[in-house]
Amino acid sequence: MRVRPKSGGGASRTWLLRFKFRGEETRILLGHFPATTLDEARGEARRLRELADQGIDPRRARPRRRERNSPLALSAAPAGARHTIEHLASEYLERHVKPTRKRPEYVEAILDRDVLPTWRGRDARTIEPAEVLELLDGIVERGSRVMANRTAAVLGQMFKFGIHRRIVPTTPVQLLYRPGGEEKARARTLTDEELSEFFADPLGCTRFPRLAYVVKVLLFTGQRRGELALARWRDVDLDAGTWSIPDENAKAGRGHVCPLSTSAIAELQILKRIAGRSPWVLPADSGDGPLDAKQLTRSLARCQARFKERGIDAFTLHDLRRTCRTGLARLKVVPHIAERVLNHAQEKIAGTYDTHAYLEEKRDALERWASHLRGLQK
């Protein structure tokens with residue numbers, strides 16, 4: 001026990017463990033008396049000595065204070081510290097996430113934001129199930145229930161990878177249910193009345209002129225905002241009325257050809273004039289590269305008050321895709337064609353043996369949908 005006088009009187013009493021690990025003498029703070037009793041300090045000391053006997057550095061076996069304004073790079077793990085959480089995360093990203101995921105930066109952001117700062121410098125073998133729950137509960141408590149579920153999934157996969165690579169012997173992710181609860185699938189679609197109000201004054205609704213044409217293209221085609229944000233003009237044939245979405249831009253790496261209705265072509269022609277000489281359908285404001293799809297989402301969010309004034313409830317760009325699919329169903333487009341318009345994955349057997357592109361069938365479906373939307377315009 002270390003006893004030190006306090007400036008205001010009295011003394012602080014601290015339990016410390018002195019030990020030698022791999023020839024290096026050091027000490028660890030076990031707690032402060034009386035909050036930490038003698039029995040508790042001795043129990044923790046025994047636990048840490050047992051870890052040292054197993055070759056685990058006790059200094060990396062305990063939670064550390066989260067440092068503010070101190071981002072943790074994945075490369076921060078000391079050389080040779082192959083059991084640290086930083087090394088596990090780095091190996092997981094490089095050997096599993098980046099080769100298999102289309103957008104590995106999403107997983108990296110989860111690790112950088114919540115996992116690595118919380119377990120900075122820890123030996124991954126010493127992280128307990130209770131610590132996983134504490135980390136996930138903190139995410140839930142800040143109001144991010146869906147992110148808690150995503151983080152739980154990433155942690156579960158990362159520790160399984162660690163077992164496979166012999167970085168950790170077991171996984172501390174032992175969850176019986178989702179920490180953020182069950183997620184309700186969004187069911188928002190725009191009604192015909194809302195669509196009519198939008199088409200009556202699209203520029204007035206959006207305040208950002210280009211956004212109005214983006215919304216209409218997504219409505220007419222039913223494609224994803226990210227696919228439009230990454231589209232190049234070389235992939236769009238306005239004469240033939242086709243938009244080829246390459247594998248690298250499509251979800252799950254499964255590209256397809258989206259037929260363009262006459263209405264969609266008209267909106268794309270306007271976007272082409274706005275883009276000027278840029279090879280991108282939606283060039284970034286800086287003029288270098290494509291527009292970030294997230295910027296489209298933020299721009300739409302800023303316009304929700306304008307939509308509300310016109311009787312249009314809040315919606316997302318993905319809701320336009322659902323609106324298109326629902327509209328196709330109402331127009332009696334057969335399900336397997338409507339699903340192919342949106343490039344949804346087909347059942348395994350159908351997807352394996354039926355490789356027909358159904359281009360003309362999709363074109364007919366989208367022309368019928370465009371005709372319906374034109375009929376709503378005041």
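Reader: Which residue in the turn between β2 and β3 has a positive phi?
Author: In this predicted model, the residue is arginine 22, whose phi is about 50°, and it sits in the turn of a hairpin that β2 and β3 form with 2 residues between them.

Reader: And how many bridges join β2 to β3?
Author: The two strands run antiparallel and are joined by 9 bridges, and within that pairing arginine 13 stands opposite phenylalanine 33 in β3.

Reader: What about β1 and β2, how do they pair?
Author: β1 pairs with β2, which covers residues 11–21, in the antiparallel sense over 4 bridges, with proline 5 opposite alanine 11 in β2. These two strands also form a hairpin, here with 5 residues between them, and glycine 9 in its turn has a positive phi of about 110°.

Reader: What is the strand order in that sheet?
Author: The order is β1-β2-β3, in an open sheet of 3 strands with antiparallel pairing. Because β1 (2–5) and β3 (24–33) each have a single partner strand, they stand at the edges, and one side of each is left without a neighbour in the sheet. From one strand to the next, the twist averages 35°.

Reader: Which helix lies across β2 and β3?
Author: That is α1, residues 38–53, which runs at about 20° to β2 as it lies across the two strands.

Reader: Is the peptide bond from phenylalanine 33 to proline 34 cis or trans?
Author: The bond is cis, with omega near 10°, and proline 34 has its place in the loop between β3 and α1.

Reader: How many bridges join β4 to β5?
Author: There are 2 bridges between these antiparallel strands, and valine 236 stands opposite tryptophan 243 in β5. The strands form a hairpin with 4 residues between them, and glycine 241 in the turn has a positive phi of about 70°.

Reader: And over how many bridges do β5 and β6 pair?
Author: β5, residues 242–245, pairs with β6 in the antiparallel sense over 4 bridges, and isoleucine 245 is found opposite histidine 256 in β6.

Reader: Zooming out, how many helices and strands are there in the chain?
Author: The chain has 16 helices and 6 strands. Its radius of gyration is 28 Å, well over the 21 Å that the globule rule gives for 378 residues, so the chain is more spread out than a compact globule. Taken along the principal axes, the C-alpha atoms fill a box of roughly 80 × 55 × 40 Å.

Reader: Now the largest pocket: which residues lie nearest its centre?
Author: Those are Arg103, Arg224, Arg225, Lys251 and His318, out of the 43 residues that line the largest pocket. The elements giving two or more residues to that lining are α3 (104–118), α5 (145–164), α9 (225–229), α11 (293–302) and α13 (317–330). About 1600 Å³ of space lies in the largest pocket.

Reader: Which element gives the most to the lining?
Author: α13 does, with 6 residues in the lining of the largest pocket.

Terms used
Residues numbered from 1 in each chain as written. Predicted model: local features only at pLDDT ≥ 70, side-chain atom pairs only at ≥ 80, totals over all residues. Heavy atoms only, no water. 1 Å grid on protein atoms, 1.4 Å probe; cavity = no way out; pocket = protein on both sides within 12 Å on 5 of 7 lines; lining within 4 Å. Points joined across faces, edges and corners; volume = space filled by probe spheres on them. Pairing = 2+ DSSP bridges. Axes fitted to C-alpha atoms, helices over the stretch in contact; angles between N-to-C directions. Contact = heavy atoms within 4.5 Å. Rg over C-alpha atoms; globule rule 2.2 N^0.38 Å.
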